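Please read this briefing with the structure open beside it, and look for each named part as you meet it.

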Amino acid sequence: MAVQERVENTAWKLLALAAAVAAGVLTRKLTTKAWKVGAGTPPPTNPENPEVNWGEALGWALASGAAVGVARMLASRQMAKSWRTVTGHLPPGADEVT
């Protein structure tokens, strides 16, 4: 693997990781606030705890998991678009469609 290719791979991995982490943290905070507004109570801090009722545990798992997953995907797509704008090509591995 050429030096330029290794540098691009490393840069892409770091940028994609930073975007995904930032999106996940921000979305988790927004989901928590939305839960408080909608349910009138804070979300369960530990949904695995048997003291938390099933409905609340499942609701929080679905809401937070879906929101964070979508946000991370959107952040990664935006980073790939930005990468293409800057470099003229898709980031490493982005052209693979399975």
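**Overall picture**

Of the contacts in the chain with a separation of 6 or more, 59% are accounted for by residues 24 or more positions apart. This is a predicted model, and its chain holds 2 helices and 0 strands. The points below go from the whole chain to one helix, then to its aromatic pairs, and finally to a single serine.

**Shape and surface of the chain**

- The C-alpha trace spans about 55 × 25 × 25 Å along its principal axes.
- The radius of gyration of the chain is 18 Å, whereas a compact globule of 98 residues would have a value near 13 Å.
- Of the 98 residues in the chain, 24% are buried.

**Helix α2**

- Helix α2 takes in residues 54-87, which makes 34 residues, and from its first C-alpha to its last it reaches 48 Å, close to the 50 Å expected at 1.5 Å a residue.
- Just after α2 comes Gly-88, which takes a positive phi of about 90 degrees.
- The buried residues of α2 are Ala-57, Trp-60, Ser-64, Val-68, Ala-71, Ala-75, Ala-80 and Trp-83, and what covers them includes α1, residues 3-39.

**Aromatic pairs**

- A pair of aromatic rings is described by two values, the distance of the centres and the angle of the planes.
- The chain has 2 aromatic pairs when the rings are required to have their centres within 6.5 Å.
- In the pair of Trp-12 and Trp-83, the ring centres are 5.6 Å apart and the planes stand at 75 degrees, so this pair is edge-to-face, since planes over 60 degrees apart count as such.
- Because Trp-12 lies in helix α1 and Trp-83 in helix α2, the pair ties together parts that are 71 residues apart in sequence.
- Both partners fall under the 20% limit for a buried residue: Trp-12 counts as buried at 13% relative accessibility, and Trp-83 counts as buried at 9%.
- Trp-35 and Trp-60 also form an edge-to-face aromatic pair, with 5.5 Å from centre to centre and 80 degrees between the planes.
- Trp-35 lies in helix α1 and Trp-60 in helix α2, so this pair ties together parts that are 25 residues apart in sequence.
- Trp-35 counts as buried at 17% relative accessibility, while Trp-60 is buried with a relative accessible area of 3%.

**A closer look at Ser-64**

- Which residues is Ser-64 in contact with, leaving aside its neighbours within four places in sequence? The residues in contact with Ser-64 are then Arg-28 and Thr-31.
- Ser-64 and Gly-93 are 29 residues apart in sequence, and in space they are 28 Å apart, taken from C-alpha to C-alpha.

Note on methods:
Residues are numbered from 1 along each chain as its sequence is written. This is a predicted model: local features need pLDDT of at least 70, side-chain atom pairs count only at pLDDT 80 or more; totals for chains, interfaces and linings use all residues. Side-chain values use heavy atoms; hydrogens and water are left out. Helices (H or I, at least four residues) and strands (E, at least two) are DSSP runs, numbered from the N terminus. The expected span of a helix is 1.5 Å times one less than its number of residues. Buried means under 20% relative accessible area, exposed over 50%, partly exposed in between (1.4 Å probe, protein chains only). Contact means heavy atoms within 4.5 Å. The radius of gyration is taken over C-alpha atoms; the globule rule is 2.2 Å times the number of residues to the power 0.38. Rings of Phe, Tyr and Trp (its six-membered ring) pair if their centres lie within 6.5 Å; planes under 30 degrees apart count as stacked, over 60 as edge-to-face and the rest as tilted.
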